[in-house]
Amino acid sequence: TVLDGWLEAALVEDPLRNAGAIAALEDSDLTLMAADGDVGIAVDGTLAGVTRGPAVARRMLARVRTARAFDEAREIAARLGADESVVTPSGEWLGNGFVRVVRGAGARVGVLAREREIREATAQASELERTIAEHVQAVDAAKRSRIDAEQARDESQRDLYIAHRRFAEISGQLQSQRGRIDGAEQRMARVVEELAGLEQKLASDRDQVREARSRLEATVARMSEHEQRRQSLDSERRALLESREEARMNAREAREAAHQMALSVESRRAALASLEQSLQRMQSQLAQIETRRGEIAAQLTSGSDPVVGLEAERQTYLNQRLTVDRKLVEARQALQEQDNALRALEQERHRIEEALGERRDAIAEMRLNEQEHRLRARSLGEAIVEAGFALDDILGALPAEADAAQWQGELAELDQKIKRLEPVNLAAIQEFDEQSQRKTYLDAQLADLTTALETLEGAIRKIDKETRARFKETFDRVNTGIQELFPRLFGGGHAYLELTGDDLLSTGVTIMARPPGKRVSSISLLSGGEKALTAVSLVFSIFRLNPAPFCLLDEVDAPLDEANIGRFSSLVTEMSERVQFIFVTHNKGTMEAARQLCGVTMREPGVSRLVQVDLEEAAKLAGAA
């Protein structure tokens, strides 16, 4: 209300510099105002005390007091000087000898004109957009026609290429036919030459045939003479062969007779040696009996009772046995205590490993946070570099008493000044709304991605934790099972599972076994039978934990002896109550533990058959028989 038209004034350094040129303007409405500020102008109770701006405007506002209502303004107006006035927030302006009220449409003439210009500009923009859309449609139509023309051109080029290729093929065929004709002519010339050579050769061959016939007749005559000699030689050869076969048979009979004689001699020698050993053994036994008889006779002569000495000797042996048994029990107890201590240490090690896993997770999370801070610092540094500054120079020039809040305020004030100097962007509000909507959409997407990432990381951590827990539980249960089954299969000893790494997600498992009478070692250092039994104990402990419908054993008992076969068969029989075992074997002891046998037999050469035997039915039939 007070400034009215001064609000549209342009701020310049010296309004009076070009006053003559400004006065010569026609049909113009121009207001210039000095842009110098005066921070000292601040009168309490006036408009200058609550505003900021050029000194000229603030001097005008310093003479206008403020009142909250019209009645208060009337009271103040009665005490005002000649050049003073008072105004209310509702636009009522009172002074010495005047009252002015600016409300309604008259208060926004400049704004309405600007709004009208905005509507005209919007209409022009709509018209331009419609024109652009028509041009875009025309361009699209031109593009489509160009595409159709390009397709037609491609088809024409393709047809031309096909025609050229067909022409090349026909030219090649024609050249090939010409080459064939030339080759045929050359072959015909060679055939004529060969025919002449064959006629000459035929004449020479006829001469050679005549000579050969004459030689053949002479040879046939000689053959008749040689045939008689051959027949006589064949009769001699047959006689010699018969005599050679007879000599061979005689030699073979002689060798067999000599062999039989040698065997008879050797058997006689073995029997003689056996008789001599038996005689010596009987003589030694006789000497022992004679010695024992002499001792007994001496004891009978002395009248002593040998039962008392034998009883004392037996008691001594019994005491020694009790001592050995007690030491054996103590050794077993010590071994059991060592095993318990080893299990306690293993449990403590697993507990420490779990604590280490938690510490590793915490360290990994801290590393992720550190990486996030580093990335943020790097992005800020890149933004500073993109702005054309050097981070080290900025940090070096930064004063010690720097206040970020103060700098933010000064930056905001500078930004406001820059905005006042800039031309008004009428589409800024719409662009701001669009960018705000896009930012809202991107923030929502970022929040969704962050939530999904956190959910995924939480699921991964949960899966890792559950995997570790389930692996640890399964490992302990299988370890307990193998510690129970290993002594049953070996008749003693001890075995356990050992982890090869600290991380339960990537660690391996090693079987440490100690058969009876051996040291604890890895399964790779055991014999074949020991490896088989150790593997069976591991497989059966897994089947006890999670039994499957079937278990196929392919010649597992091949390296086992009879004692181990018995323990293996009894354990298989026990496990067959929950799991059906199908095993391939050649061992009779293992076959006895089966309920049904399936085998392959070959009654006729080259013809194999499958034979099945139900042992329970066979036993019933055998009992009935």
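Predicted model: local features only at pLDDT ≥ 70, side-chain atom pairs only at ≥ 80, totals over all residues.

I started at Trp 93, which is buried because its relative accessible area is 15%; buried here means under 20%, exposed over 50% and partly exposed in between, with a 1.4 Å probe and protein chains only. Phe 98 is partly exposed, with 33% relative accessible area.

Residues are numbered from 1 along each chain as its sequence is written, and side-chain values use heavy atoms, with hydrogens and water left out.

**Aromatic pairs.** I looked up ring pairs next; rings of Phe, Tyr and Trp (its six-membered ring) pair if their centres lie within 6.5 Å, with planes under 30 degrees apart counted as stacked, over 60 as edge-to-face and the rest as tilted. The count comes to four aromatic pairs. Trp 93 and Phe 98 make one that is edge-to-face, at 5.4 Å centre to centre and 85° between the planes. Phe 540 and Phe 581 form an edge-to-face pair too, at 5.4 Å and 65°. That pair ties together parts 41 residues apart in sequence, because Phe 540 lies in helix H9 (residues 528–545) and Phe 581 in strand S11 (residues 580–584). Helices (H or I, at least four residues) and strands (E, at least two) are DSSP runs, numbered from the N terminus. I find both Phe 540 and Phe 581 buried.

**Helix H8.** I then checked H8 (residues 428–490): 63 residues, reaching 89 Å from first C-alpha to last, close to the 93 Å expected at 1.5 Å a residue. The expected span is 1.5 Å times one less than the number of residues. Among the buried residues of H8 are Lys 472, Phe 475, Val 478 and Asn 479. Just after H8, I see Gly 491 with a positive phi of about 70°.

**His 350.** What does His 350 touch, leaving out residues up to four places away in sequence? I get Lys 472, Phe 475 and Leu 499, where contact means heavy atoms within 4.5 Å. His 350 sits in helix H5 (residues 306–386), and with a relative accessible area of 8% His 350 is buried.

**Trp 407.** My last stop was Trp 407, in helix H7 (residues 404–421). Trp 407 counts as partly exposed because its relative accessibility is 42%.
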